[in-house]
Amino acid sequence: MIQEKDIYNTGYSIPVPRRNGKSRTEEVPFGSNCARLSLADWLIVAIILSAVVYFAPMLWERAEKFVPSSDYRIPYDLSSDYWLYERYCRFACSRYETLIIGDSVVWGHFVPMDNTLSHHLNDLAGTEQFANLGADGTHPAALEGLLRYYGRDISNKNVILHLNPLWMTSPRHDLQTEKEHHFNHPKLVPQFTPKIPCYKASFPTRISNVVDRCVPFFNFSSHLNITCFQSMDVPAWTIEHPYENPLGSITFRLPTSDDYERPKDAARPGRGPGQTSLQWVELETSLQWLFFRRSVNFLRQRNNRVFVLVGPFNEHMLDGDILDTYRNLKIQIEVWLQRNNLPYYMPEVLPAHLYVDTSHPLGEGYAAIAKQLFENAAFRSNILSSGSSGND
Amino acid sequence: MLFHTWAFALFFLIVYPLYLALKRTRFGLPWLLIVSYFFYACFNPLYLILIAYSTILDYTVVAVMEKKGRRKIWLSISIVNNLCLLSFFKYAGFITDNLNALLSSLNVPYVLPAPGIFLPVGLSFYIFQSMSYTIDYYRGNIEGERSLIRYATFVSLFPRLLAGPIERAKSLLPQLHKKPTVSIQDVSDGLSLFIVGLFKKVALADYLALYVDKIYSTPDQFQSPALMLATFLFCWQIYFDFSGYTDMARGIARMMGFRLMLNFNNPYLATSLGDFWSRWHISLSSWFKDYVYIPLGGNRKGKFNTYRNMFLTMVISGLWHGAAWTFIIWGAVHALGRFCTREMEATSLYKEKVPRILKQLFVFIFVTFAWIFFRAESIGDAWIIITRIFTSGFAEPHCPALALVLIFAVWLYQFAYESKIRWFLEQRVVRIGIIILMVLYLALCAPSSEQPFIYLQF
């Protein structure tokens with residue numbers, strides 16, 4: 001090994017043979033800077049960096065206040081902040097008996113946070129028993145990744161897992177089209193297997209996504225970008241705010257829903273029968289159904305008591321063959337749930353005016369579903385009886 | 001598969017342990033060749049045909065020269081073949097465009113079809129490397145390589161395949177001849193070089209590109225301050241981009257027991273334009289000096305011929321960078337700069353009386369001005385930028401202050417490196433601190449988008 005004092009000599013000699021048989025030596029300079037470390041130096045660097053990587057997120061958690069209310073849901077604009085989702089999972093698991101997990105229907109895309117399914121369930125229960133772990137903008141494939149990689153703390157809990165049939169209404173929703181189309185949360189879906197036909201990311205991007213999942217510090221870094229720099233990386237943020245000090249943006253305050261504009265498409269009136277043409281995919285070939293089943297399996301493997309909520313779905317928009325296909329699909333889902341001993345509930349069809357679109361109810365719709373759930377025997381025996389309290 | 005991607009990290013993590021295990025066996029060299037070809041095929045498998053063809057031809061040419069003599073003819077075959085390859089893949093579009101413009105100006109109603117050929121990544125670099133082998137053999141500077149596998153590895157060695165450094169056979173082939181030894185210090189050095197290069201590329205070059213691209217894409221919409229700052233930032237962007245690539249290439253090679261040449265040596269601290277070219281893209285500058293400038297006569301046949309040779313070399317160097325008039329003008333501007341300053345720089349007044357910092361500033365301003373031609377999309381754009389710099393009014397440039405702070409920090413570091421306080425930078429705690437800061441900055445503040453290296457297009 002080269003001694004410390006030798007490091008700043010010009011470098012190494014390499015023999016340069018010539019045709020006449022003689023050889024001379026030429027120096028190859030190390031570099032044009034002094035940042036040259038020895039093995040011992042690298043060990044020191046590794047120790048310091050490991051400490052930073054391990055402790056920085058922990059210290060940050062202490063500094064950044066996060067006391068969510070019982071109606072809390074992760075704001076839509078923070079839905080790509082998987083570090084925050086993980087943190088919220090940890091918090092919810094320590095505080096609530098039952099976690100409601102699903103897409104924008106569970107999250108309550110068209111209603112305020114005090115009019116969601118979890119809110120109405122808590123109302124009926126009379127205690128803060130249910131936590132809204134819905135993630136707006138997700139779909140079963142992404143949700144599976146979210147739970148697998150960032151929901152590791154969800155164990156030994158009651159879990160209401162929502163299945164939205166919307167994701168099987170077309171090959172496009174089901175991610176089955178061969179033509180590339182961009183969907184939400186591509187970082188969460190399997191990068192290599194099972195293959196998702198419409199996902200055409202390059203190999204380096206896929207590898208990069210896998211690394212992001214495996215190194216929590218990168219998610220922490222992403223959390224800083226999302227919460228402090230308006231979901232931009234620091235360089236892009238400084239282009240938008242050229243004269244501002246990036247350090248000044250670090251406030252240790254988590255943005256809330258109030259910090260963002262409400263979705264503009266709130267409260268659209270429900271549509272009438274036959275106004276939607278859907279190309280239901282076969283259940284046995286459906287990718288989203290596959291991912292839903294995978295979510296169920298590993299949630300159960302983590303000793304959770306899983307209760308499946310299928311729907312709600314706005315059947316008023318369906319008629320003829322499309323409605324028949326949907327009902328047939330529901331039967332197949334039901335058969336699978338029964339065969340796997342999974343307690344479930346399929347909400348009764350709500351009045352048309354309580355739907356915003358194909359699958360999202362209005363606040364009253366959520367209240368009605370919560371009521372139906374409380375009257376459902378499977379729900380009462382599996383969720384309420386195993387909870388710390390209930391109103392029965 | 002670029003060095004600053006996780007895909008490359010995965011590739012290297014698989015390749016490297018096997019390489020370490022095989023390097024002193026007879027499978028070491030074939031393994032190196034296989035992984036180098038695989039690395040290249042990741043960009044496009046068809047590229048392998050081209051590199052294999054060029055390799056086999058030059059290897060055969062030297063073998064035939066060795067056996068049968070008639071060296072001049074065989075050397076000519078090699079050079080013509082290599083230049084034809086370059087012309088076809090790199091300049092076909094440029095030549096067609098210019099011929100069409102000529103036909104149009106002569107009112108000839110005929111348009112040549114566009115060739116639609118894509119330039120294979122790294123072609124200019126390995127063609128030059130291969131050419132240097134045949135020329136050096138012809139000149140008697142090296143012996144012919146007997147092993148085709150070794151020669152093919154010399155041409156395709158993956159750390160330097162995409163954008164150099166353009167290694168000479170006399171430097172790299174001997175390293176491939178002996179069984180490589182990889183010491184712990186080699187690994188440490190390689191890592192040090194790689195991290196510094198990664199920081200230059202990802203944290204600095206890609207960051208500066210955000211501002212530069214914005215301004216240079218529509219230069220007519222910006223005023224003088226923005227255009228000046230964008231040019232200033234591009235000056236550093238291209239340095240960080242290319243020297244970052246080279247540092248990474250040298251780092252990877254060093255971890256494998258190979259020493260690649262220094263390609264950049266703090267060029268913006270140069271005190272003359274000649275000094276600048278001895279610090280910037282050293283492997284290319286020295287290639288042109290040895291294989292173009294000196295064969296043209298160098299500085300041996302009077303002043304006129306010296307300047308003519310210099311001019312031709314610089315213009316050809318510009319053309320090497322890209323098939324566009326902007327690159328030719330860039331080369332010509334540098335040549336003119338050398339004409340105007342060469343005599344002045346030789347005077348004792350300039351050497352002894354002008355403060356070093358003033359000389360550095362002058363060279364920096366000149367080089368920065370010349371980069372306008374290099375970066376502009378067209379001559380028209382370059383002209384717009386230059387005229388607007390001098391004629392348009394003032395408007396807020398909205399240039400990120402952080403970018404300027406980072407550039408100043410790097411400049412200060414380099415300045416200190418070449419000054420009496422270099423000892424301070426050599427302190428262990430300072431070196432360790434610098435590496436830690438760079439890694440943390442990369443982890444927390446690096447741009448999320450991965451941009452290719454600028455020099456890959458050449």
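In the predicted model, helices H2(B) and H3(B) cross with right-handed geometry. Two packed helices are described by the angle between their axes and the distance between the axes. For helix H2 (residues 28-41) and helix H3 (residues 47-68) of chain B, the axes come within 9 Å, and the crossing angle is roughly 135 degrees. H2(B) is therefore oblique to H3(B). On the H2(B) side, the contact is formed by B:Tyr37, B:Tyr40 and B:Ala41, which meet B:Tyr47, B:Leu48 and B:Ile51 of H3(B). The residues of this contact comprise six nonpolar, no polar and no charged.

Chain B is divided into two segments, domain 1 (6-180) and domain 2 (185-457). A distance of 26 Å separates the C-alpha centres of domain 1 and domain 2 of chain B. Each of these domains of chain B contributes 22 residues to the contact between them. On the side of domain 1 that touches domain 2, the elements giving two or more residues are helix H4 (71-105), helix H5 (123-139), helix H7 (158-161) and H8 of chain B. The residues on that side of domain 1 divide into twelve nonpolar, six polar and four charged.

The contact between the chains involves 47 residues from chain A and 53 residues from chain B. On the chain B side, two or more residues each come from helix H1 (6-22), helix H8 (169-177), helix H9 (184-217), helix H18 (401-417) and helix H20 (428-445). The residues of chain B on the side that touches chain A include 32 nonpolar, 13 polar and eight charged.

Methods
Residues numbered from 1 in each chain as written. Chains lettered and ligands numbered in written order. Predicted model: local features only at pLDDT ≥ 70, side-chain atom pairs only at ≥ 80, totals over all residues. Contact = placed C-beta atoms within 7 Å. Helix = DSSP H or I, 4+ residues; strand = E, 2+ residues; numbered from the N terminus. Nonpolar A, V, L, I, M, F, W, Y, C, P; charged D, E, K, R; others polar. Axes fitted to C-alpha atoms, helices over the stretch in contact; angles between N-to-C directions. Parallel < 35°, antiparallel > 145°, perpendicular 65-115°, else oblique. Left-handed = near helix turned anticlockwise from the far one by under 90°. Domains from an automatic or database assignment.
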